[in-house]
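Please open the model in your viewer and keep the sequence panel beside it. The stops below say what to select next and what is there.

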Amino acid sequence: MHNSNFLLPPRRSADGLQRAAHLAHEGLGSTDGFLRWLRTPVRESWQRSLRHHTDPDKAVPELVFTGSELEEYRSAHPLAAVMPVIRQLLVRPGTDSGLLVAVGDELGRLLWVEGDDELQRHAEGMLFMPGTDWSEQSIGTSAPGTALASGRSVQIAGAEHFSRQVHSWSCTAVPLRDPDTGSVLGVVDITGRDEAVAEHTLALVEATVAAAQAQLRVERLQDADSARRRRIAGVSAPRPVRALRPAPALLSAPAAAADSLRILGRDLAVVTVGGREATLSIRHSELLTLLALHPEGLTADELSVMVYPESASVSTVRAEMLRLRNLLGKHSEGAPGPGLVPQSRPYRLPHGLVIDARQVLGYLERGAYRLALGLYRGPVLPRSDAPAIAALRSEVSGVLREAVLSDAGIDALLAYLTLAEAWHDVEAWSLALRLLPLRSPRRASVVAHLERLEGELR
């Protein structure tokens, strides 16, 4: 069953909603309240989108996976097991109907986009393709991202999309849930023209998702039955050797292909512009981090307070900014893209950077603890004594610890304990001991570590 607010109304009413959506776009930033004319789920999605984007024209999906990285990630994802069902029920029937079928993970990153060949080529023009992020945080209102944010089936037509580049498209999406826990594993979406938001389209996608969830359940029951048969026969399956370290999947969490800034677990930041990497000095690491975190810009006075533990003259900040601008200018020469030379009055970057620390906080906010741990390499710029950097370091480390200790499972907790900052965390190690089963082979190393800590405290 679905709420009628999430389903497109009859044609005449739908035309009126398109006019209202165009008015809402024109009224963004004003106090005329045009958002009230949007359907409830669309209005709520726009309100969420506005927290991440002030300009719909600048809401562009991020490219998160490329090449072998994409192949490795999606082949290991639970949704890979149900792609045969989705292809049978959605992709094959829609190949010649001018529709695309997209399947994304729980964070809104598209893993498969299949269907009409010509439509795929057009869709790639707006980066609707495997490896791109179509969450509300990345692109604003769209069926895949809004279905994940609301946890409901949803249809988004034309101008109801937050980003104007998507106004010629319509889409229907349904979250796909774990059949045992009810947690969202991903989303199934149909994208195209008007046919993509027909009432029967929503029913077809919902039926396909139900079939995929049933298939997951059947496979798990079969796996459990096979394990039971082995036990009865006295044949145990080979037990994987486990050490107290993150699994390889955690260690190879995908990095964004866009211009980026890495500041976790390293004394000096590494900035990537147009595919080229550069290692910055400690002061330039601090300055670029703060500019990346404040896209609206910062004055020299503000940077002085945020970067220097003791008061520094504005001229000192301006001199450092001049050196940083020269460095980034030389680094960007010949590289594809617009470059990254900061503008002035106030100092600000010409475009956003993907920051690994912000990605970790985003994963934690969504409950994706394994992905957060896979990306987390250690504290933010540990050598920096800049007040704003120290505050960010404390925030990221503190949120990670709190999330893992209060809400994550034993595997995530054990991965957290491999971090240097968790070495002396008696509370975390004690929690791991309580959560591990009595016969777990991993208890011995945890007990030994706790005994070592106890000896140090004597």
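## First stop: a loop residue

Select Ser142, which sits in the loop between helix 6 (136-139) and helix 7 (143-150), where helices (H or I, at least four residues) and strands (E, at least two) are DSSP runs numbered from the N terminus. This is a predicted model, in which local features need pLDDT of at least 70 and side-chain atom pairs count only at pLDDT 80 or more, while totals for chains, interfaces and linings use all residues. Residues are numbered from 1 along each chain as its sequence is written, and side-chain values use heavy atoms, with hydrogens and water left out.

Ser142 is buried, at a relative accessible area of 1%; buried means under 20% relative accessible area, exposed over 50%, and partly exposed in between, with a 1.4 Å probe and protein chains only. Beyond its neighbours within four places in sequence, Ser142 is in contact with Trp134, Ala147, Ile156 and His161 (contact means heavy atoms within 4.5 Å).

## Second stop: strand 7 and its partners

Next select strand 7 (residues 184-192), which is largely enclosed by the rest of the structure, because 8 of its 9 residues are buried. Strand 2 (residues 99-105) runs antiparallel to strand 7 and is joined to it by 7 bridges, with Val101 opposite Ile190; two strands pair if DSSP finds at least two bridges between them. Strand 6 (residues 170-177) is also antiparallel to strand 7, through 8 bridges, and here Val174 has Val188 as its bridge partner. Strands 6 and 7 form a hairpin with 6 residues between them, and Gly182 in the turn has a positive phi of about 80°.

Centre on Ile263, whose contacts beyond four places in sequence include Thr289, Val380 and Leu392. Thr289 and Leu288 are both among the buried residues of helix 10.

## Last stop: confidence

Finally, colour by pLDDT, the predictor's confidence in each residue, from 0 to 100. The mean pLDDT of the protein is 82, and 85% of its residues reach 70 or more, but pLDDT stays under 50 over residues 235-257.
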